[in-house]
Amino acid sequence: MPTVADSRDRAALVEHDQRFFDALVAADTARLGELLADDFILVSVEDGSVVPRSTLLDAVSRGLVTFPAVQSFPEEAVVRRVGDVAIVVGRTSMNVVNSDGTTFATGSRYTHVFAADSATSWRLVSAQGTRITFAAT
């Protein structure tokens, strides 16, 4: 049964999320490599494509995709734990530049799935973003 993460797990997982976002902005593939599980997959917020770890790292290292800004809202994060798995549902505001020079800015809700890597460490296994849209009034 999922449970709300205790304060120590919550702090560690929210911090891990921030390190992930910071590494994307800095294009720090070494740091991303440390944070991501070997079988990590990303579901793109832009188009729903499935991106394996190696493709993400390659795109970031070659500048095929850049993240000029990612703002997260850790106070809104919902963090749950099920055994050695943790789930973070959060919100971001981000700017992205694609390889063809197109840019987009979006607000998103994301789900990050983590696996315990040791007694005190987590690795990001999966990330999925959903663009937040608001109906015109």
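Leaving aside neighbours within four places in sequence, Thr106 is in contact with Val45, Thr92, Ser93, Met94 and Arg131. Contact here means heavy atoms within 4.5 Å. The model is predicted: local features need pLDDT of at least 70, side-chain atom pairs count only at pLDDT 80 or more, and totals for chains, interfaces and linings use all residues. Residues are numbered from 1 along each chain as its sequence is written, and side-chain values use heavy atoms, with hydrogens and water left out.

Thr106 belongs to strand E7 (residues 103-116). Helices (H or I, at least four residues) and strands (E, at least two) are DSSP runs, numbered from the N terminus. Thr106 is buried, and its relative accessible area is 7%. Buried means under 20% relative accessible area, exposed means over 50%, and partly exposed lies in between (1.4 Å probe, protein chains only). A polar contact of 3.5 Å joins the side chain of Thr106 to the side chain of Arg131. Such a contact is a pair of N or O atoms within 3.5 Å; within protein, one must be able to donate a hydrogen and the other to accept it, and residues adjacent in sequence count only if both atoms are side-chain atoms.

Strand E7 pairs with two strands described here. Two strands pair if DSSP finds at least two bridges between them. Strand E6 (residues 85-97) runs antiparallel to E7, with 13 bridges. Within this pairing, Arg91 has Arg109 of E7 as its bridge partner. E6 and E7 form a hairpin, and five residues lie between them. In that turn, Gly101 has a positive phi of about 90°. Strand E8 (residues 122-131) also pairs with E7 in the antiparallel sense, over nine bridges. Here Val113 has Ser126 of E8 as its bridge partner.

Arg91 also meets an aromatic ring. The charged end of Arg91 sits over the ring of Phe73, 3.7 Å from the ring centre. The criterion is NZ of Lys or CZ of Arg within 6 Å of the ring centre and within 35 degrees of the ring normal.

Strand E2 (residues 36-43) pairs with E8 in the parallel sense over four bridges. Val43 has Gln128 as its bridge partner in E8. E2 and E3 run antiparallel and are joined by three bridges. In E3, Val50 stands opposite Val43. E2 and E3 form a hairpin with six residues between them. Gly48, in the turn, has a positive phi of about 80°.

Glu46 lies in the loop between E2 and strand E3 (50-52). Glu46 is partly exposed, at a relative accessible area of 36%. Not counting residues up to four places away in sequence, Glu46 touches Asn98, Phe104 and Arg131. The side chains of Glu46 and Asn98 make a polar contact (3.3 Å). Glu46 and Ser126 are 80 residues apart along the chain, and their C-alpha atoms are separated by 16 Å.

Helix H1 has 20 residues. From first C-alpha to last, H1 reaches 28 Å, close to the 28 Å expected at 1.5 Å a residue. The expected span is 1.5 Å times one less than the number of residues. Asp6 caps the N-terminal end of H1, with a side-chain oxygen 3.1 Å from the backbone nitrogen of Arg8. The buried residues of H1 are Asp9, Leu13, Val14, His16, Asp17, Phe20, Phe21, Ala23 and Leu24. An α-helix has 3.6 residues a turn, so residues three or four places apart point the same way.

Ala27 follows H1 and lies in the loop between H1 and helix H2 (29-35). Ala27 has a positive phi of about 55° although it is not a glycine. Most residues other than glycine have a negative phi. Ala27 is partly exposed, with a relative accessible area of 39%.

The structure holds three aromatic pairs. Rings of Phe, Tyr and Trp (its six-membered ring) pair if their centres lie within 6.5 Å; planes under 30 degrees apart count as stacked, over 60 as edge-to-face and the rest as tilted. The ring centres of Phe20 and Phe21 are 5.6 Å apart and the planes stand at 55°, so this pair is tilted. Phe20 and Phe40 form a tilted pair, 6.5 Å centre to centre with 55° between the planes. Phe20 lies in helix H1 (residues 7-26) and Phe40 in strand E2, so the pair ties together parts that are 20 residues apart in sequence. Both Phe20 and Phe40 are buried. Ring pairs link Phe20, Phe21, Phe40 and Tyr110 into a cluster.
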